[in-house]
Amino acid sequence: MVTKDKIVSVTYTLRDGQGEIYEHTDVPVSYLHGSGESLFAKIESALEGRRVGDTVEVELSPAEGFGDHDPALTFTDDIANVPPEFHRLGAEVEAENEQGESIRFVVTAIADGKLTVDANHPLAGQTVRFVVTIQEIRDATPEERGAGRPAQALH
């Protein structure tokens with residue numbers, strides 16, 4: 001049964017605000033239940049007390065999931081000011097803010113001689129739905145409990 005300090009392995013499907021599949025995995029992903037790491041709190045709560053083979057569906061509002069879309073993280077400039085290697089949709093650009101933190105921007109639009117980059121998560125501002133199926137449950141080792149994550153994530 002899923003309880004605190006269990007390593008839980010799940011498969012999932014994530015649907016965007018339009019109901020389209022955004023991400024799907026048949027390869028189990030593991031986390032330490034109760035650690036507050038790796039999983040959205042609402043999903044972890046929905047899995048509490050469940051067993052192998054159980055499936056839960058959880059809807060996350062922007063506040064519970066990927067956050068609201070922040071217009072301050074979107075920038076548009078003349079394409080001539082952008083190096084040619086970024087002149088394609090989906091190109092990723094790393095930049096540093098004033099605090100020295102690295103931020104990843106993705107080219108989201110190219111039109112009328114302008115290029116737009118966005119550092120928001122692609123699902124920001126959307127209500128999303130996760131369908132999660134429990135594949136395996138086991139006791140966490142002392143090392144895993146101390147680290148707050150499964151052993152394969154420690155290396």
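The confidence of the predictor in each residue is expressed as pLDDT, on a scale from 0 to 100. The structure described here is a predicted model, and its average pLDDT is 93, with 98% of the residues scoring at least 70. Confidence is highest in strand S3 (residues 55-60), where the mean is 98, and lowest in strand S5 (residues 92-96), where the mean is 88.

Aromatic rings were examined next. A pair of aromatic rings is described by the distance of the centres and the angle of the planes. Four aromatic pairs are present in the structure. One of them, formed by Phe40 and Phe130, is tilted, with 5.8 Å from centre to centre and 50° between the planes. Because Phe40 belongs to the loop between strand S2 (21-32) and helix H1 (41-47), whereas Phe130 belongs to strand S8 (residues 128-139), this pair ties together parts that are 90 residues apart in sequence. Phe40 is partly exposed, at a relative accessible area of 23%, while Phe130 is buried, at 8%. Phe75 and Phe105 form an edge-to-face pair, since their ring centres are 5.7 Å apart and their planes lie at 65°, and planes over 60 degrees apart count as edge-to-face. Phe75 lies in strand S4 (residues 74-78) and Phe105 in strand S6 (residues 102-111), so that distant parts of the chain, 30 residues apart, are linked. Phe75 is partly exposed, with a relative accessible area of 45%; Phe105, at 9%, counts as buried.

Seven salt bridges are counted in the model. In one of them, the side chains of Arg129 and Glu57 meet at 3.5 Å, N to O. Arg129 is located in strand S8 and Glu57 in strand S3, and the pair therefore ties together parts that are 72 residues apart in sequence. Arg129 is partly exposed, with a relative accessible area of 30%, whereas Glu57 is exposed, at 54%. Glu57 and Arg129 are also linked with Glu59 in a network of salt bridges.

A second salt bridge joins the side chains of Asp78 and Lys114 at 2.7 Å, N to O. As Asp78 lies in strand S4 and Lys114 in strand S7, parts of the chain that are 36 residues apart in sequence are tied together by this pair. Both residues are partly exposed: the relative accessible area is 34% for Asp78 and 37% for Lys114. A salt bridge is likewise formed between Glu144 and Arg138, whose closest N and O atoms are 2.7 Å apart. Glu144 counts as buried, at 1% relative accessibility, while Arg138 is partly exposed, at 30%.

The surroundings of Asp118 were considered separately. This residue is placed in strand S7 (residues 114-118) and, at 12% relative accessibility, counts as buried. Apart from its neighbours within four places in sequence, Asp118 is in contact with His69, Leu73, Thr74, Arg104, Phe105, Val106 and Thr108. The side chains of Asp118 and His69 are joined by a polar contact of 3.1 Å. The side chain of Asp118 also reaches the backbone nitrogen of Asn120, at 2.7 Å. Between Asp118 and Arg129, which are 11 residues apart along the chain, the separation of the C-alpha atoms is 23 Å.

Definitions and conventions:
Residues are numbered from 1 along each chain as its sequence is written. This is a predicted model: local features need pLDDT of at least 70, side-chain atom pairs count only at pLDDT 80 or more; totals for chains, interfaces and linings use all residues. Side-chain values use heavy atoms; hydrogens and water are left out. Rings of Phe, Tyr and Trp (its six-membered ring) pair if their centres lie within 6.5 Å; planes under 30 degrees apart count as stacked, over 60 as edge-to-face and the rest as tilted. Helices (H or I, at least four residues) and strands (E, at least two) are DSSP runs, numbered from the N terminus. Buried means under 20% relative accessible area, exposed over 50%, partly exposed in between (1.4 Å probe, protein chains only). Contact means heavy atoms within 4.5 Å. A polar contact is a pair of N or O atoms within 3.5 Å; within protein, one must be able to donate a hydrogen and the other to accept it, and residues adjacent in sequence count only if both atoms are side-chain atoms. A salt bridge is a side-chain nitrogen of Lys or Arg within 4 Å of a carboxyl oxygen of Asp or Glu.
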